[in-house]
Amino acid sequence: MRGRAGRRRDRRRGRHRPGDGRRGPVSTTEPREKAEQRTTDLGLPELPAAPYPAEVRERLDPDAAEIIARYPQSRSALLPLLHLVQAEEGFVSRTGIRYCAEQLGLTTAEVTAVATFYTMYRRRPAGEYHVGVCTNTLCAVLGGDQIFAELQDHLGIGNNETTEDGQISLEHIECNAACDYAPVVMVNWEFFDNQTPESARELVDQLRAGTDVAPTRGARLCSFRETARILAGFPDERPGAVDESGAGGAPSLAGLRLARGETLPGTGGTHIVAPRQEDSRETEDVREAEDARTAEDAQQAGAEQDGTGTEGDEA
Ligand code: FES
């Protein structure tokens with residue numbers, strides 16, 4: 001026998017099998033959550049991760065198939081599939097990673113690399129409400145840093161930690177493209193704009209007390225798992241929720257109005273407000289000029305094909 005004395009060769013060419021290792025085989029009756037936490041003597045997670053139980057797979061498989069069918073290449077479905085498993089458990093577990101890998105023909109290392117790259121995927125069980133405080137530049141200088149510091153004190157938890165009652169997870173997040181409403185706090189990815197330390201404290205207290213809170217804009221708040229399912233690309237089935245999403249608010253459109261030469265409401269500015277019809281006239285002129293250019297190009301191309309183009313054109 002080749003190899004080090006006393007060591008038996010793995011007959012499956014070194015591939016890891018369920019039950020490999022000193023702790024004995026993973027019992028099929030062991031709860032999955034417990035199996036998920038099993039570690040080797042080095043403190044590393046034991047491989048492979050436990051699979052989802054049959055009843056979970058029965059529920060997930062048709063959804064996964066629907067997601068995968070949206071893409072020409074199955075591996076492109078990884079991001080929504082990770083949201084799907086996050087909707088199942090509230091975070092992306094090792095079992096969830098194994099599930100995605102099996103569905104897409106990827107390795108668990110490839111799936112893990114993606115799941116750990118994007119911060120929207122949580123790798124640990126977390127609270128019902130994911131409270132994200134933007135501490136990126138604009139929000140930070142307008143009070144985001146202060147809000148985050150005060151929420152940590154108020155809740156008694158640090159970044160990426162969860163309150164003991166399992167209600168709130170706190171995270172400082174990067175810019176959420178809502179700088180025009182800075183400083184912003186997000187709950188389960190819905191916006192709470194123009195926050196202060198006081199309003200943010202009140203917000204988390206209401207969430208913990210089970211009081212209904214409404215985001216400043218957008219649809220009603222739903223649980224983190226429901227949000228994850230919507231992010232996986234499934235419709236928001238709450239009546240009226242889609243219509244509540246609304247359009248861009250006044251601060252978001254301020255730049256556009258200024259670019260058009262319009263005054264901002266309530267500013268008492270002296271800019272000339274560009275009349276709407278003038279805008280559409282301009283758009284029409286541009287469109288007509290483009291159409292004329294396209295027709296000219298087509299004519300030119302036809303002439304060249306027929307060999308009737310002018311010498312100057314050929315040059
Ligand atoms: S800096 Fe906070 S949303 Fe952009």
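**Exercise 1. Find which residues of helix H3 meet which residues of helix H8, and describe how the two helices are arranged.**

Step 1. In this predicted model, the contact is made on one side by His-83, Gln-86 and Ala-87 of H3, and on the other by Arg-225, Ala-228, Arg-229 and Leu-231 of H8. Sorted by class, the residues of this contact comprise 3 nonpolar, 2 polar and 2 charged.

Step 2. Helix H8 covers residues 224-231, and its axis and that of H3 come within 8 Å, crossing at roughly 160°. Because angles over 145 degrees count as roughly antiparallel, H3 is roughly antiparallel to H8. The crossing in which H3 passes H8 is left-handed.

**Exercise 2. Decide whether Leu-79 is buried, partly exposed or exposed.**

Step 1. Around Leu-79 there are 18 other C-beta atoms within 10 Å.

Step 2. A buried residue needs 20 or more such neighbours, while an exposed one has 12 or fewer. The count of 18 therefore makes Leu-79 partly exposed.

**Exercise 3. Describe the packing of helix H2 against H3, giving the angle, the handedness of the crossing and the residues that meet.**

Step 1. Packed helices are described by the angle and the distance between their axes. For H2 (residues 54-68) and H3, the axes come within 10 Å and cross at roughly 155°. With the cut-off of 145 degrees in mind, H2 and H3 are therefore roughly antiparallel to each other.

Step 2. The handedness of the crossing of H2 and H3 is right-handed, whereas H3 passes H8 in a left-handed crossing.

Step 3. From H2 the residues Val-56, Leu-60, Asp-63, Ala-64 and Ile-67 take part, and they meet Pro-80, Leu-81, Leu-84 and Glu-88 of H3. The contact of H2 with H3 holds 7 nonpolar residues and 2 charged ones, with no polar residue.

**Exercise 4. Work out the strand order of the open sheet and the sense in which its strands pair.**

Step 1. The sheet has 5 strands in the order E2-E3-E1-E4-E5, and its pairing is mixed. At the edges stand E2 (161-162) and E5 (190-192), each of which pairs on one side only.

Step 2. Strand E1 (residues 129-134) runs parallel to E3 and is joined to it by 6 bridges; within this pair, Val-133 stands opposite His-172 of E3.

Step 3. The pairing of E2 with E3 is antiparallel and extends over 2 bridges, with Thr-162 opposite Ser-169 of E3. These two strands form a hairpin with 5 residues between them, and Gly-166 in its turn has a positive phi of about 75°.

Step 4. E4 (residues 185-187) and E5 are likewise paired in the antiparallel sense, over 3 bridges. Val-187 has Glu-190 of E5 as its bridge partner.

Step 5. Strand E3 (residues 168-173) is mostly covered, since 5 of its 6 residues are buried.

**Exercise 5. Locate the residues with a positive phi that are not glycines, including Ala-177 and Trp-189, and the cis peptide bond from Ala-182 to Pro-183.**

Step 1. Ala-177 has a positive phi of about 55° and is found in the loop between E3 and E4. Because 9 other C-beta atoms lie within 10 Å of its own, Ala-177 is exposed.

Step 2. Pro-183 also has its place in the loop between E3 and E4. The peptide bond that leads from Ala-182 to Pro-183 is cis, with omega near -5°.

Step 3. Trp-189 has a positive phi of about 70°, and its place is in the loop between E4 and E5. Since there are 19 C-beta neighbours inside 10 Å, Trp-189 counts as partly exposed.

Note on methods: Residues numbered from 1 in each chain as written. Predicted model: local features only at pLDDT ≥ 70, side-chain atom pairs only at ≥ 80, totals over all residues. Pairing = 2+ DSSP bridges. Helix = DSSP H or I, 4+ residues; strand = E, 2+ residues; numbered from the N terminus. Axes fitted to C-alpha atoms, helices over the stretch in contact; angles between N-to-C directions. Parallel < 35°, antiparallel > 145°, perpendicular 65-115°, else oblique. Left-handed = near helix turned anticlockwise from the far one by under 90°. Contact = placed C-beta atoms within 7 Å. Nonpolar A, V, L, I, M, F, W, Y, C, P; charged D, E, K, R; others polar.
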